[in-house]
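Student: Hi! Could you walk me through the aromatic rings in this one?
Tutor: Happy to, let's bring it up.

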Amino acid sequence: AFERILADNKELLAQVSIAAIAAVNLDERRRLAEGVPWYLRTNANGVDLNRNYPVDWETVDYTYGLDTSDPDSMTYRGPAPASEPETRAVMEFLRAGLVEAVYSFHCLASICGAHLLGPKCAAKDDAYTKKCLGFAAAYCQGMDRSCPADSVFRHGTSAGSLPAWCYRELHVPAFDLEISSRETEARAKCVVDRTDRPLLKDYQQRHTNGLRAVLEAMIAQRL
């Protein structure tokens, strides 16, 4: 998607920049690419990086019926806040730039959908929520124009998540992008590791459209 923006919409980048981290969990990403196994949450130390950020880290979360304080859990938060080098690298990267919004792509069998989750800890911050809705709607409706306006965003990320840290430290809109319940074809294939090239190509184009929509909205000062 980023390569397509560079190839076809370079004029947008004269006014707004995209900073991309291709992969955070590099060790396990390699294993995923090799299919051993096809779905992993934790890094090489057994830590779920999206539970490791120093925001409400001490709060135990039970999403998926798993315990973030349990070292044997696939959502283990780690031995201490920001204990992992990958977590600290992302924090350093984001602190160094002028960040307007953060989109964190969560893939299942190589597919990342159009369900945008913001930090649960920001649910009562109306001004922040309004700003999130703008960035979420632009991306989601760029991906899928039939996306219902009332379902583009919700507060849902756990304690210790990247969006929670972005809210508390940077106070910028930040999202985990997941496959939504509306994306029935993609979900049916991804949950059994049956992603095919046509589906991958379709979602590459969708994310290109989502990125383009956000850039155009920022340039037009709608965000």
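**Rings and their neighbours**

Tutor: In this predicted model, ring pairs join Y103, F105, Y139, F153 and F175 into a cluster.

Student: Nice. How many aromatic pairs are there?
Tutor: The count comes to 6 aromatic pairs. One of them is F105 with Y139, a tilted pair at 6.3 Å centre to centre, with 55° between the planes.

Student: Where in the chain do F105 and Y139 sit?
Tutor: In distant parts: F105 belongs to strand β1 (residues 102-105), while Y139 is in helix α4 (residues 126-143), and they are 34 residues apart.

Student: And is F105 buried, exposed or partly exposed? What about Y139, buried or exposed?
Tutor: F105 is partly exposed, at 32% relative accessible area. Y139 is buried, with a relative accessibility of 0%.

Student: OK, which ring does Y128 pair with?
Tutor: Y128 pairs with Y167, also as a tilted pair: the centres are 4.5 Å apart and the planes make an angle of 50°. This pair, too, links distant parts of the chain, since Y128 is in helix α4 and Y167 in helix α5 (residues 162-170), 39 residues apart.

Student: Why do Y128 and Y167 count as buried?
Tutor: Buried means under 20% relative accessible area. Y128 has 2%, so it is buried, and Y167 is buried because its value is 11%.

Student: Switching topic: which residue lies over the face of W57?
Tutor: That would be R77, at 4.2 Å from the ring centre.

Conventions: Residues are numbered from 1 along each chain as its sequence is written. This is a predicted model: local features need pLDDT of at least 70, side-chain atom pairs count only at pLDDT 80 or more; totals for chains, interfaces and linings use all residues. Side-chain values use heavy atoms; hydrogens and water are left out. Rings of Phe, Tyr and Trp (its six-membered ring) pair if their centres lie within 6.5 Å; planes under 30 degrees apart count as stacked, over 60 as edge-to-face and the rest as tilted. Helices (H or I, at least four residues) and strands (E, at least two) are DSSP runs, numbered from the N terminus. Buried means under 20% relative accessible area, exposed over 50%, partly exposed in between (1.4 Å probe, protein chains only). A charge sits over a ring if NZ of Lys or CZ of Arg is within 6 Å of the ring centre and within 35 degrees of the ring normal.
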